[in-house]
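Here is a short briefing on a structure. Look at the strands first, then the helices.

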Amino acid sequence: MYPELHSEVTTRLINDYSFKSSRCGEFMQQGTCPSCGKKELYTNKENPWVLRCGRLNKCGDEFHIKDLYPDLFESWSDRFPQKVTQNNQVLEKPNAAADAYMQHGRGFTLSTVQGWYEQGAYYCGQRQIGTATVKFKLPCGATWERFIDKPQRFGKMKANFAGKYTGQWWQAPDTDVTTWSGKELWLTEGIFDAIALLHADIAAVSLMTCNNFPDQALADLEKSLAGQKKPKLIFALDDGKAGESFTRKFVKRSRTGLGCQRSTATQRQTKTRLERAVPARTPDQTANRPM
Ligand SMILES: [Zn+2]
């Protein structure tokens, strides 16, 4: 947990749950449990991501910081501002909020993902509100940007596409596709799912939307891997009817003509892989109980 967040969270926990913070020891303890009202709530002092009730048999409830204090995780450019001049020229840290979102909001390793995106800005004329974004370049000049300042203000729209990406996929900019030869290549729906798999050394690309069959990208891959063993395609689209239905269609479609092997990942397999890939998403799950 980065120092500013740690300090803010600790102050709030003491105020809101009456934790006793002793100088020694690994835990903050004796907080009031919101479920059972007893003073048995505890959390890790250095990384207070999860609060747990110590009454394992009678309550044992747990509470995640992101659910308790969503405001600390939703307005990234307030917390990590760029330094700008009066005429809005960026002087320093042009990607400050985007980096913070990727590192602290998503749990990615900054040294791995830096350079894969830039910080953008999106303004909705109808609502007259704006937000910083994490902006990715897609093939053919298209872009996809995720809103990172209170995205719920934009209703269902949490991201913005510009340009056409049909038939393409997003792959990490520094990818050497010949390393995919003979391996599994996972095709996820969202960019962040693909990035999570890449953190676990699993080759992955993002189709961006569940109805985008990557015929052009696959044709380009065939050319790049001429004479080499092709990867086995694993379609891992999002949960739900649309994802499942397109997965079936895509597997069928990729059987015709293209020389890759393919199979479908079940949702459980994908979820397990993703959880293993980015443990920071569910931090502190293995913390011991205080004695
Ligand atoms: Zn309790």
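Strand β3 (residues 50-53) is joined to β4 by three bridges, and the two run antiparallel. L51 has F63 in β4 as its bridge partner. This is a predicted model, in which local features need pLDDT of at least 70, side-chain atom pairs count only at pLDDT 80 or more, and totals for chains, interfaces and linings use all residues. Residues are numbered from 1 along each chain as its sequence is written.

**The sheet**
- Four strands form an open sheet in the order β1-β2-β3-β4, with antiparallel pairing.
- The edge strands, β1 (27-31) and β4 (62-64), each pair on one side only.
- From one strand to the next, the twist averages 20°.
- Strands (E, at least two residues) and helices (H or I, at least four) are DSSP runs, numbered from the N terminus.
- Two strands pair if DSSP finds at least two bridges between them.

**Helix α8**
- Helix α8 (residues 241-253) has 13 residues.
- F246, T247 and F250 are its buried residues (20 or more other C-beta atoms within 10 Å of their own, with C-beta atoms placed from the backbone).
- They lie on the same side of α8, because they cover an arc of only 110° around the axis (the arc of the directions from the helix axis to the C-beta atoms).
- K241, R248 and K252 are exposed on the other side of α8 (12 or fewer such atoms).

**Helix α1**
- Helix α1 (residues 3-17) has 15 residues and reaches 21 Å from its first C-alpha to its last.
- Just after α1, S18 takes a positive phi of about 55°.

Key: Expected span 1.5 Å × (residues − 1). Axes fitted to C-alpha atoms, helices over the stretch in contact; angles between N-to-C directions.
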